[in-house]
Amino acid sequence: MTVETQKETLGFQTEVKQLLHLMIHSLYSNKEIFLRELISNASDAEDKLRFAALKDDGLYESDPDLQIRLDFDKEANTITLADNGIGMTRDDVIQNLGTIARSGTAEFLSQLSGDEKKDSKLIGQFGVGFYSAFIVADKVDVFTRRAGAPLEEGVHWQSAGDGEFTIEQVAREKRGTEIVIHLKQDASEFADGSRLRNLVKKYSDHISFPVIMKSEVSEEGEEAKESKDETVNDATALWTLPRTEIKDEEYKEFYKHIAHDFEDPLIWSHNKVEGKLDYTSLLYIPARAPFDMYNRDAPRGLKLYVQRVFIMDDAEQFLPLYLRFAKGVVDSNDLSLNISREILQNDATVESIRTALTKRTLDMLSKLAKKDDGEYQKFWGEFGTVLKEGPAEDFSNREKIAGLLRFATTHTGESTQNVSLDQYIERMKEGQSKIYYITADNFMAAKSSPHLEVFRKKGIEVLIFSDRIDEWMMGYLNEYSGKSFQDVARGDLDLGEVETEEDKKHKEEAAEEHKDLLERIKTALTDRVQEVRVTNRLTDSPACLVTGDFDMGAQMKKIMEAAGQKVPDSKPIFEINVDHPLVQRLESEKGDERFGELSAVLLDQATLASGEQLKDPGAYVTRLNRLLLELAN
Ligand code: ADP
Ligand code: MG
């Protein structure tokens, strides 16, 4: 026959080798999870078969009862797990059991430290899947045949998990996949009926398919037990049960099954909706971000079922992008079993479910925030920057999302983002009507910015934004709880009633009194600033830069530049603190050249203090040195 009938030895992809090594060395204290992973795969395979058989019921062959069998052999020290699911072709096997297809895997694996404790956490972000068999096995056999394929097109895969596998065509009557685990000596505990039963109960009670085992020897004698099989698990899909009948542990295990995660989820929300829409959803928030959360092609979305029948993984249409960290199941009674990804995109029912699930997810987060600040901070630390995409993407939920945001502020003293807008508003000064914020490259730069001087003096709290996305997000958030946001480095600074009549008068008088000075500076700096004016922002610094009301902010410019886009060329407003000795010195300077030099130095310093780079740093240094030398003379 063809070449393919011959046994062939192939090497694992490098990433698989790394993963295997890592798994065996970091998960040995958590060996038992291999069974959950394999049963999870078996269950997925049954799901896929049922789905494929919707179109072609010939795929059931003569074996329509979907089930998973678990056997063991104490003597041989093996466990055998067999499903009658979709099975795999030779190409599938090579692809699925020899490579890892997720992009970014190589980078991810290269970050691992070799510290087993840390790595075992990290590997949780990745999910271990099939390869976890090698935590307990020194050899694994896989026999499989794709549903509908000719009997002689079975495949036998074998590996000792040491870098290579063999693959060979074999005849196989049964459809689906059978995995034989040859247990390591130190894992022989698993070739045991009650141990396996307990594990199935613990990890796989509520997958949708029965896990069948041989009954154990009973008092009734040999005869009876020989032929007797029993279903070990409950075998009803978890989400179809009433909430009151589900234990937290069961919710957690089910999460691990669907999310391919092996840490517990942070929270979940399980709801049955009847009426105009008829669906059940079970949504989870993971405790940890996956390694590829910012990868555009990373899988996201919910597992979609229609009338209990699995339809697809990663159905993206049921949640907006900014909630892509949520995992779960949606089971609809309204959609057609024939629904395709394309139809999902503009189906009115899907749209309504999406609206409801979006709200449900946001509510789940609000509830967590109210109930347990510590847990909410965990969520925020992992997914906060993703949620910040929300205001731009989801206009109608802006207010709700804003309520979930957390910020570092001038009052937190550290860069941790843990102040909510509600808290901020509660601590607002008497007479303060706006929510102030400052944007900078990092927390320290923001915190020492001259723009905060007047706020410090008046004790007004200012939100500190230093994530790249922040300024962009603020473009979509105008107000919260009826209070508008104000960038402290933009436009006229309105301090509301916190600014006393005296303050205002002082500013007005100063502007009048120093009119000539302002003009002179403007002339000296002509092409570099759009306006020179007296400030109400500063107490200690001589000058600062302000962005015009409608001009693009510095952070945003950087983002656009980094993306290779053309940035509009807007000049800053230059604000002067006329009470500052340096400015007074400038004012008394008669020589035009010297006046120009000093003005330029002030401007450059103000630029540096806002965390910006100078267009011509060399000129600044030369100028400053010249002035210093004059001083020395
Ligand atoms: P995941 O389940 O997250 O996709 P796994 O490593 O567990 O990753 O499995 C890799 C792939 O191997 C699966 O996506 C599936 O295509 C295939 N596979 C594993 N086990 C089975 C099985 N019992 N039947 C059919 N295909 C399987
Ligand atoms: Mg899997």
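Thr535 is buried, with a relative accessible area of 10%, where buried means under 20% relative accessible area, exposed means over 50% and partly exposed means in between, computed with a 1.4 Å probe and protein chains only. The structure is a predicted model, in which local features need pLDDT of at least 70 and side-chain atom pairs count only at pLDDT 80 or more, while totals for chains, interfaces and linings use all residues. Residues are numbered from 1 along each chain as its sequence is written, chains are lettered from A and ligands numbered from 1 in the order in which they are written, and side-chain values use heavy atoms, with hydrogens and water left out.

**Thr535 and its surroundings**

- Thr535 sits in the loop that runs between β20 (531–534) and β21 (543–546); helices (H or I, at least four residues) and strands (E, at least two) are DSSP runs, numbered from the N terminus.
- The side chain of Thr535 makes a polar contact with the side chain of Glu575 at 2.6 Å, a polar contact being a pair of N or O atoms within 3.5 Å, of which, within protein, one must be able to donate a hydrogen and the other to accept it, and residues adjacent in sequence count only if both atoms are side-chain atoms.
- That side chain of Thr535 also reaches the backbone nitrogen of Arg537, at 2.9 Å.
- Leaving aside residues up to four places away in sequence, Thr535 touches Lys507, Cys544, Glu575, Ile576 and Asn577, where contact means heavy atoms within 4.5 Å.

**Thr358 in a helix**

- Thr358 belongs to helix α11 (residues 348–371), and at 4% relative accessibility Thr358 counts as buried.
- The backbone oxygen of Arg354 is reached by the side chain of Thr358 at 2.6 Å.
- When residues up to four places away in sequence are not counted, the residues that Thr358 touches are Leu319, Pro320, Tyr322, Leu323, Asp394 and Asn397.

**The site of ligand 1**

- Around ligand 1 are Asn41, Ala45, Asp83, Met88, Asn96, Gly129, Phe130, Thr177 and His260, a residue being near a molecule or strand if one of its heavy atoms lies within 4 Å of it.
- A nitrogen atom of ligand 1 lies 3.2 Å from an N or O atom in the side chain of Thr177.
- Taken alone, ligand 1 exposes 530 Å², and the protein buries 77% of that; accessible areas come from the Shrake-Rupley method with a 1.4 Å probe, and for residues only the protein chains shown count as cover.

**Loop residues with positive phi**

- Most residues other than glycine have a negative phi.
- Ala235, however, has a positive phi near 60 degrees; Ala235 lies in the loop between β9 (229–231) and α9 (248–259) and, at 19% relative accessibility, counts as buried.
- Gln307 has a positive phi near 45 degrees; Gln307 is placed in the loop between β12 (302–306) and β13 (309–315) and is partly exposed, with a relative accessible area of 39%.

**Distances along the chain and in space**

- Thr500, in the loop between β19 (483–487) and α19 (501–513), is 359 residues from Asp141 in sequence and 81 Å from Asp141 in space, C-alpha to C-alpha.
- Glu216 and Gly193 are 23 residues apart along the chain, and their C-alpha atoms are separated by 7.2 Å.
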